[in-house]
Amino acid sequence: MSPVLGIETSCDETAAAVVDDRRAILADVVRDQLDAHRDYGGVVPEIAARAHLEVVDRVVDRAMKDAGIGFDALGGVAATGGPGLIGGVIVGAMTGKAIAAAHDLPFFAVNHLEAHVLTPRLTDNVDFPYLTLLVSGGHCQFVAVEGVGRHRLLGTTVDDAAGEAFDKVGKMLGLGYPGGPAVERAAQAGDPERFELPRPLRGRAGCDFSFSGLKTAVRHAVERLPAGPLSDRDVADLCAAFQQSVADVMADRSANAIALFRDRCPDGATLAVAGGVAANRALRARIEAVAEEHGLSFVAPPARLCTDNAAMVAWTGVERLALGLADGLDFAPRPRWPLEDLAAR
Ligand code: KG4
Ligand code: ZN
C-alpha cells in the first residue's frame, strides 16, 4: 500500500510526516511555535493559527522531500480534523483537502485523540484490544482501544488534564511554558518528601482523575514559604513533590483501569501510554511497574511520538485507508470531538 501524508496543526506544533503500512516513518517534521507564544506564558489561538498558515506549506514540502516521493506516490492524505484550536485545525485540514483534491487522493480527517491512542500500533504493532492512558495538555483518560474508530472511555479527568496541571505548576514556579519538561527536569534534583501534597481520588473506585486541588495545594505550599523569590532548592523540591503525587495517583488509577479493562480483554494484553505527558520518564516508570504487577505488557512510544507530531496522524490515515474509511472533502473541522463520537461518524 502507498504511504500516507499526515498533517498536524491542532495546537502549537506545525507538523507533517509520511508513514507507510509497514510502519516505516519516511519523514517526520515538527516545527514548534514556542518562541511565538513564550511571552504570553501559553498558547494564543490567534497567533497559533497565523503561524500554522505561514509555515504549513514549507513543512509539508520538507516532509515530502525527506520521504523522497512526490504527491502522486501517496495513497492518501490525513490531516487532524479536531479536537483542538479551531483556527489551526482549519489550516491543516484545508491544506490536506487541497492536496488530496489536486492529486485525486483519499482524504482522512483524523481525530487527534485517536492519533495519540493508535501510536502504540505504529511503534510496537500492538494488537487490539489494548488499554491506553492518554495524558496530554488537554486530555487525561483511560481508553480501551478496541479497533480503529472503536474506543471505550473508562475514566477521565473531572477538572484539569495532567499536562495542564504540569503547565500551571511550571508557570507558578517561574519555569516558563510548556511546564511539563521543565518540571520533570527540576524534579530530578528535588526531595519529594519536603512538601506534603494530596493524592486526589487515590483509593476511590473507578479510574477518573482530578488535578485542580493538587495544583492549588502547590500554590498554598508556595504561599507558606518565607516571602521573596523561590530558591532553586524550593523549586526542585516542589516539582519533585508534585510529580511524585501525580505518579502515585496515576499508579493507583492505572490499577483500577486494568481491573475494569480485564473483564473483556485477553491474557497478555497491553497497557500503553500516549500523549505529551507520557514523555515523562518518572511517570512512565511508575505505570510500567503497575502493568508488570498485573501481568500486562507495557508500551511507551519514544518521547518524540508522545508529544504532538504528524507521524501519528499519518499512521491513523494508514489504518483508515486499509479499512476504506475515507472522509468527504466536506468534512467540517471540529473544536470538540470526543473519541466515543468516532464510531457514529
Ligand atoms: O500531546 P501534547 O504534545 O499536546 C496535546 O495534545 O495537549 O501534550 C502537551 C503536554 C503539555 O501540557 C506538556 O507540558 C506536557 O504534555 N509534557 C510533559 C512532558 N513533556 C510534555 N509533562 C510532563 N513531563 C514531560 N516530560
Ligand atoms: Zn496531542
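Predicted model: local features only at pLDDT ≥ 70, side-chain atom pairs only at ≥ 80, totals over all residues.
**View 1. R23 in the loop between strand 2 (13-19) and strand 3 (25-32)****.** R23 is not a glycine, yet has a positive phi of about 70°. Most residues other than glycine have a negative phi.

**View 2. The cis peptide bond from G82 to P83****.** Omega for the bond from G82 to P83 is near -10°. P83 is found in the loop that runs between strand 4 (76-82) and helix 3 (86-102). Most peptide bonds are trans.

**View 3. The cis peptide bond from Y177 to P178****.** Here the bond from Y177 to P178 has omega near -5°. P178 is placed in the loop between helix 5 and helix 6.

**View 4. Ligand 1 in the largest pocket****.** The pocket that holds ligand 1 is the largest.

**View 5. The residues around ligand 1****.** There are 20 residues around ligand 1. Those that come nearest are G137, D167, E184, G276 and D308. By class, the shell around ligand 1 holds 11 polar, 6 nonpolar and 3 charged residues.

**View 6. Backbone contacts to oxygen atoms of ligand 1, including those from G180** **and G276****.** A polar backbone atom of G180 lies 3.0 Å from an oxygen atom of ligand 1. For G276, one of the residues that come nearest to ligand 1, the distance from a backbone N or O atom to a ligand oxygen atom is 3.0 Å. V277 also places a polar backbone atom 3.5 Å from an oxygen atom of ligand 1. On its own, ligand 1 has 550 Å² of accessible area, and the protein covers 89% of that area.

Methods. Residues numbered from 1 in each chain as written. Chains lettered and ligands numbered in written order. Heavy atoms only, no water. Near = heavy atom within 4 Å. Polar contact = N/O pair within 3.5 Å; in protein donor to acceptor, adjacent residues only side chain to side chain. Areas by Shrake-Rupley, 256 points an atom, 1.4 Å probe, with all protein chains shown as cover. 1 Å grid on protein atoms, 1.4 Å probe; cavity = no way out; pocket = protein on both sides within 12 Å on 5 of 7 lines; lining within 4 Å. Sits in = over half its atoms within 2 Å of the grid points. Nonpolar A, V, L, I, M, F, W, Y, C, P; charged D, E, K, R; others polar. Helix = DSSP H or I, 4+ residues; strand = E, 2+ residues; numbered from the N terminus.
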